[in-house]
Amino acid sequence: MINDKLFGIAMILYLLATFGYVVYLVHRSKVTGWIGTGLALAGWLVNTAAIAVRWIESHQAGYGYIPLSNMYESMVFFSWSIMLIYLVFERVYGYRAIGAFVAPLGFLGIAVVSLNPAISAEIQPLVPALQSNWLTAHVVTCFFGYAAFAVGFAVSIMYLFRHRTEARLGKDAPGILPPAKVLDDLAYKSVAVGFPLLTLGILTGAAWANYAWGTYWSWDPKETWSLITWFVYAAYLHARFTAGWRGVRLAWLSVIGFGCVIFTYWGVNFVLSGLHSYAG
Amino acid sequence: MKEPSNKGLGKRLFEFFASIKLSVVVLIALAATSVFGTVIQQHREFAVYVGEYGETVARVIRILGLDDMYHSWWFQLLLVLLLVNITFCSLKRLPHAVRLMNYRDPVFDGKPVAIHEKWAKRVKNADVATLAEAIEGVLRRRLRRVYREERDGVVYLLGTRGGWTRMGVYVTHFSLFLFGIGALVGALWGFKGFVNIPEGQSVRQVRLRGGGVKDLGFEVRCDDFEVTFYTDRQGRPTGRPRDYISDLTVLEDGREVLRKRIEVNHPLIYKGIYFYQSSYGQAGGQSAWLTVFGPRRNILFHRRQLLRGETVDLENGDRLALRGLTGDFKGMGPAVEVMLQPAKGDPRSIVVFQAPEGNHRKLGGYVIRLDGVETVMYTGLQVAKDPGVPIIWTGCILITLGSMIAFFLSHRRVWARVRPADRGGVEVFLGGNASRNRIAFERWFADLCTEAQEVFEK
Ligand code: HEM
């Protein structure tokens, strides 16, 4: 299969992009910044191609489905979404330094499933329960949401580092990270993008469940955990808008929220059992 | 905090139920307790819990309803509390939000309006009227509505845009309320059940999940059930199921009214009742075709159809009974179990597969060949009706729109005051505020001021 080789190349490009961005953090020259972005973009394009090739290969194998149906496919799509959201953020807000913390997440997404022998990269036929256009809508919205939260998580971590520096040395402290105020704002923006997407993800899941099984909500562990995640981010947005939280406490809430995302996605498959576990 | 005693009980209850503190507590409680239901297995026998956690903990689990946590009284109470909380909180804040939405007073001096962004400028050689006109033009270009008031030679202006976005929050919260109502309607007037229909037969009743049966008021017949398999590149079946398919017919008073081929993910919907393909199985075979040779290789009968349980005479008083049959015996294809009852001696039985030509089984001098079985499959259907679903979907649409409005749009207001300056010339003041996203507003406001500046220079 060609697709997993392409995913391998994308993974390496993300790793190189990480180095590029780290060098940019230290060096701050236009050239290093462009190298980081170039590598990240190249990785993302190869990642895109890999998904397309896998799609074609699934047709050649006689199964013919959009590759979003198991742990391998969803993780490489997760990486793809993280990098997409990040590149859009970079374009819109122009803060390249964030790449040093996000690109490694893109790398990890592919690395975790490519290098783990327990996870099969093989193209498997789709069980009847997953043959639905709802699957595509559901997975795409969920993972775009997760990806935005991942960017928010990376920025929050940066915020926590930067805040420590500023607390010690004052607001104009020299440092390689953007000012805390900017990071705080970007973290919130990521969450504000992620929240409606996660909402849509949960809704498309419910719509699918209703159409396919006659129950829009059955409190299975994955559903419940996605709701818990949703509550945490709802709390985040309320804390910011109504309680006027800023800064450290909010950054930690974003970290906790992303912990919930990871648990919804991985923990439920490996720790708990339920309706969704076939998707692992 | 102690409430002042002059407040009535009703008022205090309202304050309590409308408080943000309550919502924080309830939301955290919901999130935290939800975790239990994902860790503790749900809907199991008491013995399972005893086995896993010991007698005492198992009792606690049962008493607290942790084995069906999301339907336990206390969890439902938390959900109701959340809805009450949101309702009261919205009721409390809505009037103020409406007032802000419709705010149109350009005079801000001495009024409690929060102006976050400020900009002031003294323009020489200008008069109030012309400058006010110019500013009004700028505001009109950048904001939707502009209000003007003149007082003692001072011109006040207010430009506002997106006041309606203040309702986004209320739409969002109201949609949560719809979820509660939709779930209630579903619980009261919906049902969930299941039914197995053998091919060729029809049913009128389904068994309910919680026990009991439900009459559908019409009949559903299964005409055919089929499993299809994936094929490999050479077109050979792989044994991995591709789909489960049932042909269903709805009958009203014995008359066919609807035919539909359903498969996984594509149900039959009739009168608001959904029939989902969920399982299948053998309804037991009805008959098999057998060929039997006698001890002298003479054909006793050829491709004769025997019903399950039927007994036929062979030679010399020996008899053969068809005891059982299946369309698939442990993955090896169709098979029957036949029993020879000899005139003398003990009965003996064997399993005969539908084997390729020439592969016959011997039984007490006879040779038996299975030519085919007629098996009947049944299709297993989940049957559900939930009249709350449209309410739920309305809630879904509203919560999506509402939260988009609430998070991404804001109500922007800019006040302007144009008055003669003490030292000659005209003093222009601009001040603005936004309902959210101050950082973006800051930039936007700076842009607006630049535009104003350019206007003065002309
Ligand atoms: C999980 C359920 C909830 C969700 C998804 C939700 C959603 C939202 C959203 C999207 C906003 C808009 C934020 C903004 O102002 O920009 C908001 C604001 C708000 N929410 Fe909630 N909410 C929930 C529960 C509650 C509860 C239980 C209360 C309790 C009373 C509450 C009180 C408020 C208040 C007071 C605001 C600010 C309104 C304003 O701007 O004047 N929310 N909520």
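This is a predicted model: local features need pLDDT of at least 70, side-chain atom pairs count only at pLDDT 80 or more; totals for chains, interfaces and linings use all residues.

Biologist: Is K271(B) buried or exposed?
Modeller: Exposed, because its relative accessible area is 52% and the cut-off for exposed is over 50%.

Biologist: And what is the phi of K271(B)?
Modeller: Positive, about 50 degrees, although K271(B) is not a glycine. Most residues other than glycine have a negative phi. R303(B) is another non-glycine residue with a positive phi, near 45 degrees.

Biologist: Where is R303(B) found, then?
Modeller: In strand β11 of chain B, which covers residues 299–307. R303(B) counts as partly exposed, because its relative accessibility is 46%.

Biologist: New topic: the interface. How much area do chain B and chain A bury between them?
Modeller: About 3,900 Å², with 66% of it on carbon and sulfur atoms. Chain B puts 40 residues into the contact and chain A puts in 42.

Biologist: How many salt bridges are there between chain B and chain A?
Modeller: The count is 0. For polar contacts, the rule finds 3 residue pairs across the interface, both residues being at pLDDT 80 or more.

Biologist: Which elements of chain B give two or more residues to that side?
Modeller: They are α2 (20–39), α7 (168–189), β6 (213–231), β7 (237–252) and α8 (389–408) of chain B. The largest share comes from α8(B), with 9 residues. By residue type, the side of chain B that touches chain A divides into 25 nonpolar, 8 polar and 7 charged.

Biologist: Now over to chain A. How many residues of α6(A) are buried?
Modeller: 28 of its 34, so α6(A) is largely enclosed by the rest of the structure. From first C-alpha to last, α6(A) reaches 48 Å, close to the 50 Å expected at 1.5 Å a residue. Following the helix is G214(A), with a positive phi near 85 degrees.

Biologist: Can you zoom in on one residue there, say S190(A)? What is it in contact with?
Modeller: Leaving out neighbours within four places in sequence, S190(A) is in contact with F89(A), A148(A), V151(A) and G152(A). This serine counts as buried because its relative accessibility is 1%.

Biologist: Last one: what do the buried residues of α4(A) pack against?
Modeller: Against α1 (3–27), α2 (30–60), α3 (71–93) and α5 (133–169) of chain A. Those buried residues include G99(A), L105(A), F107(A), I110(A) and V113(A).

Biologist: And how far apart are the end C-alpha atoms of α4(A)?
Modeller: 22 Å, which agrees with the span that its 16 residues, 99–114, should have at 1.5 Å a residue.

Methods
Residues are numbered from 1 along each chain as its sequence is written. Chains are lettered from A and ligands numbered from 1 in the order in which they are written. Side-chain values use heavy atoms; hydrogens and water are left out. Helices (H or I, at least four residues) and strands (E, at least two) are DSSP runs, numbered from the N terminus. The expected span of a helix is 1.5 Å times one less than its number of residues. Buried means under 20% relative accessible area, exposed over 50%, partly exposed in between (1.4 Å probe, protein chains only). Contact means heavy atoms within 4.5 Å. Buried area is the accessible area (1.4 Å probe) that two parts lose on being put together, summed over both. A salt bridge is a side-chain nitrogen of Lys or Arg within 4 Å of a carboxyl oxygen of Asp or Glu. A polar contact is a pair of N or O atoms within 3.5 Å; within protein, one must be able to donate a hydrogen and the other to accept it, and residues adjacent in sequence count only if both atoms are side-chain atoms. Ala, Val, Leu, Ile, Met, Phe, Trp, Tyr, Cys and Pro count as nonpolar, Asp, Glu, Lys and Arg as charged, and the others, Gly among them, as polar.
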